[in-house]
Amino acid sequence: MSERLAERQQIYDLITSYCRGVDRLDLEAVRDVYWPDGVDNHTGFSGARDDYVAFLERVLPVLDGTMHMICNHRVDFFGETAVGETYAQAVHWGTPDDDPRKNFTSGVRYIDHLERRAGTWRIKERWAAREWTHSDAALRMPKGAPGPVGSRTEDDPLTALLARVRASQ
Amino acid sequence: MSERLAERQQIYDLITSYCRGVDRLDLEAVRDVYWPDGVDNHTGFSGARDDYVAFLERVLPVLDGTMHMICNHRVDFFGETAVGETYAQAVHWGTPDDDPRKNFTSGVRYIDHLERRAGTWRIKERWAAREWTHSDAALRMPKGAPGPVGSRTEDDPLTALLARVRASQ
Amino acid sequence: MSERLAERQQIYDLITSYCRGVDRLDLEAVRDVYWPDGVDNHTGFSGARDDYVAFLERVLPVLDGTMHMICNHRVDFFGETAVGETYAQAVHWGTPDDDPRKNFTSGVRYIDHLERRAGTWRIKERWAAREWTHSDAALRMPKGAPGPVGSRTEDDPLTALLARVRASQ
């Protein structure tokens, strides 16, 4: 099929895996979206995959949480190579909640040079291109009424549900 | 096809149906995304499908409008069961437009326990996990120049176009 | 396949092409998503495709940049006709960065009347329905640390990568 729908799905799942890995602090999932010789170019970091994961291990715990929301997803294929563009909005929050260095949202485009090796697509090089950054320091509101809340632990509703469903199989 | 692309599309359409139903105040469309014995766990509500729809019937008219924007969409299949994670940003607005209880945006992850029955996928249980809430009370701008505007009535450009196209078939 | 997955992909790619064209100031890409007799109805503009592109040529350079982020994407097919609904959040930025007329985000639903002609889908008429507009004038933050940055020139990381990959084929 010229649309290569199954391969698009595999590549889309790579991108959502990256976001889930960062947001749940599951950094092995982040590592797995790149080839072992993969490179990441980000604001404040440029270098090899494993160094990028080590960088995330240092900076993410400073925050209370993140949510990497992806929008437009486009892939152009060139044989065993592909170029992906994924629009993203990354929301960051931390304590105290009026500190703009810990409470901000950035608009980013993930530009991915992807490669297929033995039938599997992974990122060979990524450029996270900044578009805009907005402070959320004056906007944060309290959580209010009780209800489900996301977290980086096994109490997260997704992590708990996946564990439950897997155990029942 | 191991990617189960057609089933992914059915599940994605369930999620956009939910959003369209809430945003256009078409609550029968919301009811239909859950199985009759479905359960929803939300901020301020936890219970059976029909009670959730009754809850929405009470709280949504207090607002002038909502826009439930979905981003990352991920499904893991386990036979007749699936686990979905859909990132969302829900924008709410109301009168007066500087009231933060009626003008705010929340970041939510819809965690869905889905079940296939007789070939059809529906939600068996949902957890809407809150991630962040931002006040929009100081940010609201007037509508400005004329042009198409969304609404909850048959004047909405989508509702009007769908009626026109269906009538011409 | 009743889900018409390949056609959905073509239509989704039309929408991301539109966004990429506007955001990178590649207005021929914008023109191509409409049929030659296509019509666009937008805030402050309503008329023929080519007049809409001329309108964009005048108004976009006033800004330093835009990011048209699309979310929920839904298509209902009626033979050779389709009705699309695509939720979008359009972020605009400009100089000076505290001017709310140049620094704002709007929530929009693209309502598309699509037509298939000789096997190809294009937009016959679009209504960009406004939902909300928020000022970003008080929120803008400086770019901070070095790293990849988006632009409207051939230095943009996507434009540069696509040129590089195409040259190597």
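This is a predicted model: local features need pLDDT of at least 70, side-chain atom pairs count only at pLDDT 80 or more; totals for chains, interfaces and linings use all residues.

**Entry: salt bridges overall**

I looked up A:Asp76 and found a salt bridge to C:Arg20, with the closest N and O atoms 3.6 Å apart. A:Asp76 sits in strand E3 (residues 65–78) of chain A and C:Arg20 in helix H1 (residues 5–23) of chain C, so this pair joins two chains. I checked the accessibility of A:Asp76 and C:Arg20, and both are buried.

Next I took B:Arg20 and C:Asp76, whose side chains meet in a salt bridge at 3.6 Å, N to O. This pair also crosses between chains, running from helix H1 of chain B, which holds B:Arg20, to strand E3 (residues 65–78) of chain C, which holds C:Asp76. Here too I noted both B:Arg20 and C:Asp76 as buried.

I then picked a pair inside one chain: C:Arg117 and C:Asp37 form a salt bridge with an N to O distance of 3.2 Å. C:Arg117 belongs to strand E5 (residues 104–117) and C:Asp37 to strand E1 (residues 34–42) of chain C, so the pair ties together parts that are 80 residues apart in sequence.

**Entry: a network, and B:Glu131 within it**

I traced a network of salt bridges that links A:Arg20, A:Arg24, A:Asp156, B:Asp76, B:Glu85, B:Arg109 and B:Glu131.

I stopped at B:Glu131, which I found in strand E6 (residues 120–135) of chain B. Its relative accessible area is 3%, so B:Glu131 is buried. What does B:Glu131 touch, beyond its neighbours within four places in sequence? I listed A:Arg24, A:Met67, A:Trp93, A:Lys143, A:Gly150, B:Gly107 and B:Arg109. With B:Arg109, the side chain of B:Glu131 makes a polar contact of 2.9 Å. I also noted 9.8 Å between the C-alpha atoms of B:Glu131 and B:Ala88, which are 43 residues apart along the chain.

**Entry: where chain B meets chain C**

I counted 42 residues of chain B in contact with 38 residues of chain C. The area buried between chain B and chain C comes to about 3500 Å², and carbon and sulfur atoms give 60% of that. On the chain B side, B:Met67, B:Met141 and B:Pro148 lose the most area to chain C, together 18% of what that side buries.

How many salt bridges cross the interface of chain B and chain C? I got four. I looked at C:Arg109 with B:Asp156, a salt bridge whose closest N and O atoms are 2.7 Å apart. Across the interface of chain B and chain C I also have 16 residue pairs in polar contact.

Four elements of chain B give two or more residues to the side that touches chain C: helix H1 (5–23), strand E3 (65–78), strand E4 (81–93) and helix H4 (157–168). H1(B) gives the most, with 11 residues. By type, I sorted the residues of this side of chain B into 21 nonpolar, 11 polar and 10 charged.

**Entry: B:Arg24**

I placed B:Arg24 in the loop between H1 and helix H2 (27–31) of chain B. B:Arg24 counts as buried because its relative accessibility is 9%. Leaving out residues up to four places away in sequence, I found B:Arg24 touching B:Ser151, B:Arg152, B:Asp156 and B:Thr159, along with C:Glu85, C:Tyr87, C:Arg109 and C:Glu131.

**Entry: how the copies are related**

I laid chain B on chain C and got an RMSD of 0.0 Å, with a turn of 120° and a shift of 0.0 Å along the axis. The two copies are therefore related as by a three-fold rotation axis. Which residue of chain B comes closest to the rotation axis? I found B:Cys71, at 3.1 Å (C-alpha).

Last, I compared the interface residues of the two copies: only 10% of those of chain B are also interface residues in chain C, so the copies meet through different surfaces.

Definitions and conventions:
Residues are numbered from 1 along each chain as its sequence is written. Chains are lettered from A and ligands numbered from 1 in the order in which they are written. Side-chain values use heavy atoms; hydrogens and water are left out. Contact means heavy atoms within 4.5 Å. Buried area is the accessible area (1.4 Å probe) that two parts lose on being put together, summed over both. A polar contact is a pair of N or O atoms within 3.5 Å; within protein, one must be able to donate a hydrogen and the other to accept it, and residues adjacent in sequence count only if both atoms are side-chain atoms. Ala, Val, Leu, Ile, Met, Phe, Trp, Tyr, Cys and Pro count as nonpolar, Asp, Glu, Lys and Arg as charged, and the others, Gly among them, as polar. Buried means under 20% relative accessible area, exposed over 50%, partly exposed in between (1.4 Å probe, protein chains only). Copies are superposed by least squares on the C-alpha atoms of residues with pLDDT of at least 70 in both.
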